[in-house]
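Visitor: I would like a close look at one part of this model, the pockets and what surrounds them. Please keep the account plain.

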Amino acid sequence: MSTPSLPLPGGTWTLGDLTVTRFGYGAMQLAGPGVMGPPADREGALAVLREAVALGITHIDTSDAYGPRVTNELIREALHPYPESLHIVTKVGATRDGQGGWPPARRPEDLRRQVHDNLKSLRLDVLDLVNLRLGNAEGPQPGSLAEAFGTLVELQRQGLIRHLGVSNATEEQVTEAQSIAPIVCVQNMYNLAHRHDDKLIDRLATDGVAYVPFFPLGGFTPLQSSALSAVAARLETTQMSVALAWLLRRSPNILLIPGTSSTAHLRQNIAGAGLSLSHEDSTELDDISR
């Protein structure tokens with residue numbers, strides 16, 4: 001049985017016509033090591049998903065490539081039939097190889113197959129939001145997304161997808177996507193140490209488009225990590241809590257999707273994101289990227 005709910009920090013945001021909590025949940029960590037294979041603790045993974053919904057989270061991020069198929073099947077087993085308020089966001093554009101890599105899969109036939117695979121594994125008739133994953137494991141890469149994004153627009157017109165977004169995208173690719181069809185979110189790596197998308201976040205906020213950062217502690221240098229640790233120690237909390245709280249306050253269009261395979265850690269993340277940061281704290285944290 002779930003313990004009493006914590007207030008979810010940040011309130012809500014609207015993705016097209018879908019209202020979601022700004023504090024969401026990323027399901028990637030529910031798969032096995034390297035996001036391959038089943039979890040070591042299947043019952044524990046199911047418990048985390050049920051606890052997330054019990055705590056009021058209405059935005060779960062996943063992909064059929066996680067596992068592959070593992071996280072979607074866990075979501076279906078734990079939560080289907082889904083509450084009306086719950087919105088599952090998935091992504092297409094990459095597959096998995098035998099070495100655990102993420103080779104691109106963005107040909108029209110690849111994308112059609114991935115959309116149908118997500119529909120089947122999640123047991124849905126329509127996907128609420130599909131992000132087109134661009135670039136590669138090294139990050140965003142330049143190039144036109146017109147053919148791939150156009151394929152998803154076609155599937156949207158067929159009634160299989162409600163809303164579209166892009167992931168691992170350059171600012172130019174975001175602009176190109178918007179010139180083809182409306183998008184409701186951009187999902188990129190962004191955190192205290194990697195603020196290359198600052199201008200993009202502000203523009204998207206003006207456009208009413210969500211920005212969903214991943215890897216809140218990714219890519220910190222030892223010096224940057226030490227600076228974050230100093231703030232966390234002063235506030236008697238964790239680095240992750242400070243990083244999440246800073247992200248939530250960075251802009252109202254930022255939605256969080258921290259992942260975990262532990263119900264205790266899930267609650268810790270929620271409490272951490274609601275941390276109160278003083279002007280001094282914020283200034284010190286802003287200096288990390290400089």
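Which helices and strands each supply at least two residues of the lining of the largest pocket?

Guide: This is a predicted model, in which local features need pLDDT of at least 70 and side-chain atom pairs count only at pLDDT 80 or more, while totals for chains, interfaces and linings use all residues. Residues are numbered from 1 along each chain as its sequence is written, and side-chain values use heavy atoms, with hydrogens and water left out.

Strand 5 (87–92), helix 3 (108–122), strand 8, strand 9 and helix 8 (239–250) each supply at least two residues of that lining. Helices (H or I, at least four residues) and strands (E, at least two) are DSSP runs, numbered from the N terminus. Helix 3 gives the largest share, 4 residues.

The lining of the largest pocket has 50 residues, and Met28, Tyr66, Arg133, Phe214 and Phe215 lie nearest the pocket's centre. A pocket here is an open set of points on a 1 Å grid over the protein atoms alone, where a 1.4 Å probe fits, with protein on both sides within 12 Å along at least five of seven lines; lining residues have an atom within 4 Å of a point. The space in this pocket is about 1000 Å³, a volume being the space filled by probe spheres set on the points, which are joined across faces, edges and corners. By class, the lining has 23 nonpolar, 17 polar and 10 charged residues. Ala, Val, Leu, Ile, Met, Phe, Trp, Tyr, Cys and Pro count as nonpolar, Asp, Glu, Lys and Arg as charged, and the others, Gly among them, as polar.

Strand 8 (residues 185–189) runs parallel to strand 7 (residues 161–167), and 3 bridges join them. Gln187 in strand 8 is the bridge partner of Ser167.

The second largest pocket holds about 190 Å³ of space. Among the residues that line this pocket are Tyr82, His87, Asp128 and Arg162. Its lining has 6 nonpolar, 1 polar and 4 charged residues.

His163 lies in strand 7. Asp128 is one of the residues in contact (heavy atoms within 4.5 Å) with His163.

Definitions and conventions. Two strands pair if DSSP finds at least two bridges between them. Lists of a residue's contacts leave out its neighbours within four places in sequence.
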